[in-house]
Amino acid sequence: MPGDVHILVDAADAGTRLDAFLGVQDACPSRSACVHLIEAGAVAVNGETCLSKKYAVAAGDRISVELPDREEPGIVVGQNIPLDIRYEDDYLIVLSKQRGLVCHPAHGHADGTLANALVYHCGIEHLGTVQGEDRPGIVHRLDRDTSGLMLAAKDDDTQRALQDLIRLRTLDRRYITLVHGYVAMDEGRIDTGIARSTRDRQKMAVSDDPFARQAITTFRVLERFDAGRFDDGYTLLECHLYTGRTHQIRVHMRHINHPCVGDPLYGRGGRYAERADRGLTRQFLHSWRVAFTHPVTGVPVECRDELPWDLAAVLEELEPASLGRTEAGEEIVPQLGLQ
């Protein structure tokens, strides 16, 4: 079954290569499959992603493995699903993912995914498979109902290089979210561990468990909105993602008691939840900007993406309740397609 595996290294295994160590663990797949997991960023040592299969484990190391959603990945076939491509060359693609699109095949989503669309567009032989044969081209993921910019790679070397940019925190990823409540600080930093919730396996949670993976999010306030009859006001934020944990921004916003508007998993709930969510049926979260140095050509690449109609409509409806934009908001909000 898919899930997380946690292993504490004892003295007898000290000095063993990471791939060899994982390959003999009962809860892990074969050594070759573990190599793919390591290269895909699914293995953490002491809370930090480890991309080296040659890493020598030490006594006391806490190793976490995120097993894939599918135990036996099948061949991903091409499907003619529209792609909104913002940048493309011989090595990589930057695209804007629409809401509702799953990134790769998983339980309950055998096809109709972004991976299927990439295979149709590029051909399976022209996509990186470091993340596995069932995740061709995928460098990082967005939740199904999170929209916006993400990257795909056309070969293994580029895929590894882009994942290195994420690991080294030099791939600049910015998100826009509308959260519940009045965020008093103009800027903030959230640095916690994140692990799977022990109460609900569908959720992630802030955790001080030794096997939790470090997650860092910074944010800037763009605009604040006054409270109404059925809500306690709203704050528009730009979030800077330094790590890429599952549901990271959604979990961090919930942690500071300002959950994302419309979030069906981490939202507040309650009697007036539907009204307070302004009619949204998905989390107000959009990947609006990515910037990085191209790993092959060395050329700076930057793409920006305006808010989709459903999120823009919420902000337009809230405009009469605006308490004003911050300096950052004056700069960024017009770039989102808003006045």
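E223 is buried (under 20% relative accessible area, with a 1.4 Å probe and protein chains only), with a relative accessible area of 8%. The side chains of E223 and R325 meet in a salt bridge, 3.2 Å from N to O. Here a salt bridge is a side-chain nitrogen of Lys or Arg within 4 Å of a carboxyl oxygen of Asp or Glu.

This is a predicted model: local features need pLDDT of at least 70, side-chain atom pairs count only at pLDDT 80 or more, and totals for chains, interfaces and linings use all residues. Residues are numbered from 1 along each chain as its sequence is written, and side-chain values use heavy atoms, leaving out hydrogens and water.

**Salt bridges**
- The count comes to 28 salt bridges.
- R325, in strand 15 (residues 322-325), and E223, in strand 11, are 102 residues apart; strands are DSSP runs of E, at least two residues, and helices are runs of H or I, at least four, numbered from the N terminus.
- R250 forms a salt bridge with D143, with the closest N and O atoms 2.9 Å apart.
- R250 lies in helix 5 and D143 in the loop between helix 3 (114-122) and strand 7 (147-153), so this pair ties together parts 107 residues apart in sequence.

**Helix 5**
- In helix 5 (residues 248-255), 6 of the 8 residues are buried, among them R250 and H252.
- Just after helix 5, N257 takes a positive phi of about 65°.

Note on methods. Buried means under 20% relative accessible area, exposed over 50%, partly exposed in between (1.4 Å probe, protein chains only).
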